[in-house]
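The following note sets out points for a colleague to check against the sequence and the model. Please read it with both in view.

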Amino acid sequence: MIAPPIAENESARLADLQAYEILDTPAEAVFDEIAELAAAICGTAYAAITFVDRDRQWLKSKHGLTFSQSSRDQSVCGHAILEDTFFEVPDLSLDPRFSGNPLLFPRGGPHMRFYGGSQLTSDRGNNLGMLCVLDEQPRQLTAQQRRAMAQLADVVIALVEARRNRSRHEVLGQVLDHLRASITVLDAQTHRHLHANTAALQETGHSLEQLRALTPPQVLQGLPQARFEAAMQRLHGGARQAVEDYSVAGADGRPIPMETRWEKLEALQRELVVGIGRDISERKALERMKDELVSLINHELRTPLTSIRGAVKLLESGAAGPLPDAAAKLIGIASQSTDRLLAIVGDLLDLDRLASQQMTFRLDRLDAAAVLAQAAQLARPLALDAQVRLDVQASPRLLLRADAQRLQQVIDNLVSNAIKFAPNDSAVTLAATREDGGWVRLAVTDRGPGVPESFRSRIFQRFAQADARTTRAKGGSGLGLSIAKQMTEQMGGRIGFDSEPGRTSFHLTFPEATP
């Protein structure tokens with residue numbers, strides 16, 4: 001007897017075998033019937049469906065045999081899976097690989113003389129086991145019998161694949177049924193339902209059989225047909241997701257706001273659309289609260305602050321006559337405080353407009369040198385007060401594409417930050433250069449202490465401050481860089497920074513515009 005060698009593709013073969021989830025499963029009538037049919041076609045007393053594991057051969061089904069598994073070293077199937085064509089041994093006793101094998105020639109039991117089998121091949125081309133027939137008499141199968149065995153082997157592997165898919169679908173279905181989200185699967189062409197989890201069935205009030213004849217607008221009264229068709233057109237046009245809000249009637253008759261995200265699955269034999277719906281009542285309530293807060297800030301804070309600021313500025317300018325030194329000092333503090341409060345209110349309103357996609361951007365061709373020159377001119381009073389020089393370095397005839405007003409707002413924020421942190425008698429540099437790939441780079445560089453390492457990952461987050469003392473000493477709400485990032489990205493640009501002790505540079509890159 002010679003033990004079968006290990007296949008060159010053993011790792012991939014075993015991985016496929018495990019993936020089919022067939023080993024050590026209970027007996028199933030359909031496999032038993034195939035084994036019996038194979039024996040009848042070939043006229044043999046024995047037949048089996050075997051799978052060769054790492055150290056054993058395991059029989060999924062057997063006809064006439066009494067054992068359910070054996071050592072791989074004693075198996076004929078261990079040799080057979082190494083071949084790519086029908087494996088047949090007319091007389092096992094004459095083959096040195098099998099003569100003397102105690103499994104085939106046991107004491108006091110029937111001696112196996114004949115073996116013939118077709119490989120059970122995975123969809124990746126790895127032989128996992130055999131559909132085989134055995135007999136106590138030497139023989140040879142006809143060509144017709146061999147073809148029938150090959151066809152039956154194809155049936156076996158198809159059944160194994162179907163069994164695995166069915167098992168996985170059952171597990172997936174159980175998982176989906178335990179989710180609170182409403183999950184539906186649609187045919188990508190007809191848009192009719194193919195599957196729905198328990199939450200979806202409860203939401204629609206239909207059985208799965210009823211749903212399969214309907215499309216989402218036919219069961220969700222709050223979702224108009226036109227809006228649903230527009231969402232599907234976006235998916236078919238290449239959009240990754242399509243999102244729609246609608247309402248369904250609750251148990252008490254009150255409308256419940258819902259949101260469904262549809263996504264197209266194309267890497268399948270059949271194109272599908274998966275919808276995930278969820279109750280967005282809490283989100284809508286938060287949105288209402290946010291709208292009320294924004295309205296409060298805009299009308300109840302901004303308007304009176306603007307009036308107070310105007311009055312304070314008049315007093316500061318001497319419109320009401322000369323003020324005593326102590327009063328003038330207090331008016332100056334009030335002027336700075338109202339400026340800061342109005343800036344914070346403006347930042348909050350900008351954040352809301354950005355988040356709700358209500359801020360409009362008009363992209364035009366802009367001269368980089370002119371943009372930086374204007375920023376330097378606007379920041380000059382602040383720079384003089386901080387004893388900081390402004391140095392503009394811009395290549396001539398360098399055009400970029402951005403929104404003039406929003407870009408100026410972003411650069412003003414970067415320049416004011418640089419001035420705040422720049423040492424006395426140092427320079428803040430505003431530079432514009434051309435980058436490879438059709439980009440224009442705007443950079444604002446200061447010689448300040450640098451951005452702390454621990455703060456760098458949070459620098460563009462809302463209300464982010466490196467240190468609470470920074471807010472008191474330098475002023476600011478922690479919103480400016482977050483707004484700058486969102487504005488820059490919505491204009492099609494990028495923002496970043498480089499920092500080390502003694503040097504920090506914030507840079508913007510925008511697409512270059514043609515003259």
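Buried means under 20% relative accessible area, exposed over 50%, and partly exposed in between, with a 1.4 Å probe and protein chains only. Strands (E, at least two residues) and helices (H or I, at least four) are DSSP runs numbered from the N terminus. This is a predicted model, in which local features need pLDDT of at least 70 and side-chain atom pairs count only at pLDDT 80 or more, while totals for chains, interfaces and linings use all residues. Residues are numbered from 1 along each chain as its sequence is written, and side-chain values use heavy atoms, with hydrogens and water left out.

1. Strand β1. Residues 46-52 form β1, and seven of its seven residues are buried. Y46, A48, T50 and V52 point one way from the strand, whereas A47, I49 and F51 point the other way. In a regular strand the side chains alternate between the two faces of the sheet. In β1 the residues pointing either way are all buried.

2. Partners of β1. Two strands pair if DSSP finds at least two bridges between them. β1 runs antiparallel to β6 (residues 127-135), and six bridges join them; T50 has M130 as its bridge partner in β6. β1 also pairs with β2 (residues 56-63) in the antiparallel sense, over six bridges. Three residues lie between β1 and β2, which form a hairpin.

3. Overall form. The protein chain comprises 14 helices and 18 strands. Its radius of gyration is 38 Å, whereas a compact globule of 515 residues would have one near 24 Å; the radius is taken over C-alpha atoms, and the globule rule is 2.2 Å times the number of residues to the power 0.38. Along the principal axes, the C-alpha trace spans about 125 × 60 × 45 Å.

4. Burial and contacts. Of the 515 residues in the protein chain, 43% are buried. Contact means heavy atoms within 4.5 Å. Among contacts between residues at least 6 apart in sequence, 60% join residues at least 24 apart.

5. Nonpolar cores. A nonpolar core is a set of buried Ala, Val, Leu, Ile, Met, Phe, Trp, Tyr and Cys residues joined through side-chain atoms within 4.5 Å. The largest has 44 residues, and L407 and L442 have the most contacts inside it. Elements giving two or more residues to this core include α11 (368-386), α12 (404-421) and β16 (439-446). The largest share, eight residues, comes from α11. Another core, of 28 residues, lies apart from it and includes F114, L141, A153 and V156.

6. Residue E10. E10 is found in helix α1 (residues 10-19). It counts as buried because its relative accessible area is 10%. The side chain of E10 makes a polar contact with the side chain of R13 at 3.1 Å. Such a contact is a pair of N or O atoms within 3.5 Å; within protein, one must be able to donate a hydrogen and the other to accept it, and residues adjacent in sequence count only if both atoms are side-chain atoms.

7. Residue P515. P515 is in the segment after β18 (503-511). Is P515 buried or exposed? P515 counts as exposed because its relative accessibility is 85%. Not counting residues up to four places away in sequence, P515 touches R365 and L399. The C-alpha atoms of P515 and R397 are separated by 8.5 Å, although these residues are 118 apart along the chain.
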